[in-house]
Amino acid sequence: MLSLKRLTNKESNYQALYEWYQDEEVTSAFEQKSLSINEIKNKYYPRTLKNTNVFVYLIFYQNKPIGLIQYQKISLENLKLYKINDGYEIDIFIGSKKYRNKGLGTSSINILTNYLHKKGITTVVLCPLSSNKIAINCYLKCNYKINGVFITKDTQGTNKEYVLMINKP
C-alpha cells in the first residue's frame with residue numbers, strides 16, 4: 001500500500017533523505033549535488049514546522065519510506081517565469097532505486113494533485129529537466145500538459161532547460 005506522510009523532525013527521516021541524496025540519479029534531477037546530513041537537517045527541519053511554506057511528505061510503500069514529494073505556492077518570480085497568475089508546484093523523487101519505474105511516483109503525484117485540487121487549487125505545476133524523459137512521461141500519465149520550455153539556473157547556478165507542465169481540473 002502507498003501512502004504519503006508529512007515529514008517530521010525524526011532522525012530516521014533525515015537518515016533516509018541523506019541516503020537518497022547520495023544517489024546520483026536523485027541529485028542530477030533534484031538538487032544537483034549530494035547533501036551532508038547537516039545540510040539535510042538545515043534544509044528540511046524548517047519544513048517540519050507548522051508555519052512552513054513548503055509542505056514535505058515522505059512516500060511510503062509497504063510501510064517503508066521510498067521517496068519524497070512536496071508542494072508549495074509558486075513564488076512571484078516563478079509565476080513570471082511560467083507566465084501564469086497563480087498556483088502551486090510539486091517536486092518529487094523516488095529515492096530507493098528498487099522502487100523506481102514501478103508506477104509509485106505516478107500514484108504519488110496523482111494523490112497529491114487530487115488533494116490540491118480538492119483544496120480548491122486550480123493550477124498545479126511540475127518542472128522537470130528537459131533531459132528527464134522518465135519524469136516527463138510520468139507527469140503526462142498524470143494528466144499534466146506540456147506548457148512550454150524555459151531556461152533558468154539550477155541550485156548550483158548553472159543554466160538548465162526545464163519543461164513547464166501544468167495540471168488543471
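**Entry 1: helices α5 and α6**

I looked up how α5 passes α6 in this predicted model, and the crossing is right-handed. Helix α5 covers residues 104–118 and helix α6 covers residues 133–141. I noted an angle of about 50° between the two, with their axes 9 Å apart. Angles under 35 degrees would count as roughly parallel and 65 to 115 as roughly perpendicular; α5 and α6 are therefore oblique to each other.

Next I asked which residues of α5 meet α6. On the α5 side I found Gly105, Thr106 and Ile109. On the α6 side they meet Cys138, Tyr139 and Lys141. I sorted the residues of this contact by kind: 3 are nonpolar, 2 polar and 1 charged.

**Entry 2: strands β2 and β3**

I turned to the strands. Strand β2 spans residues 54–61, and strand β3 spans residues 64–73. They pair in the antiparallel sense, and I recorded 8 bridges.

I then checked the turn. The hairpin of β2 and β3 has 2 residues between the strands. There, glutamine 62 takes a positive phi, near 55°.

**Entry 3: strands β3 and β4**

How many bridges join β3 to β4? I found 7, with the two strands running antiparallel. Strand β4 takes in residues 88–94. I also looked up the bridge partner of leucine 68 in β4, and it is phenylalanine 93.

Notes:
Residues are numbered from 1 along each chain as its sequence is written. This is a predicted model: local features need pLDDT of at least 70, side-chain atom pairs count only at pLDDT 80 or more; totals for chains, interfaces and linings use all residues. Side-chain values use heavy atoms; hydrogens and water are left out. Two strands pair if DSSP finds at least two bridges between them. Helices (H or I, at least four residues) and strands (E, at least two) are DSSP runs, numbered from the N terminus. Axes are lines fitted to C-alpha atoms, for helices over the stretch in contact, and angles run from 0 to 180 degrees between N-to-C directions. Angles under 35 degrees count as roughly parallel, over 145 as roughly antiparallel, 65 to 115 as roughly perpendicular and the rest as oblique. A crossing is left-handed if the near helix is turned anticlockwise from the far one by less than a right angle, and right-handed if clockwise. Contact means heavy atoms within 4.5 Å. Ala, Val, Leu, Ile, Met, Phe, Trp, Tyr, Cys and Pro count as nonpolar, Asp, Glu, Lys and Arg as charged, and the others, Gly among them, as polar.
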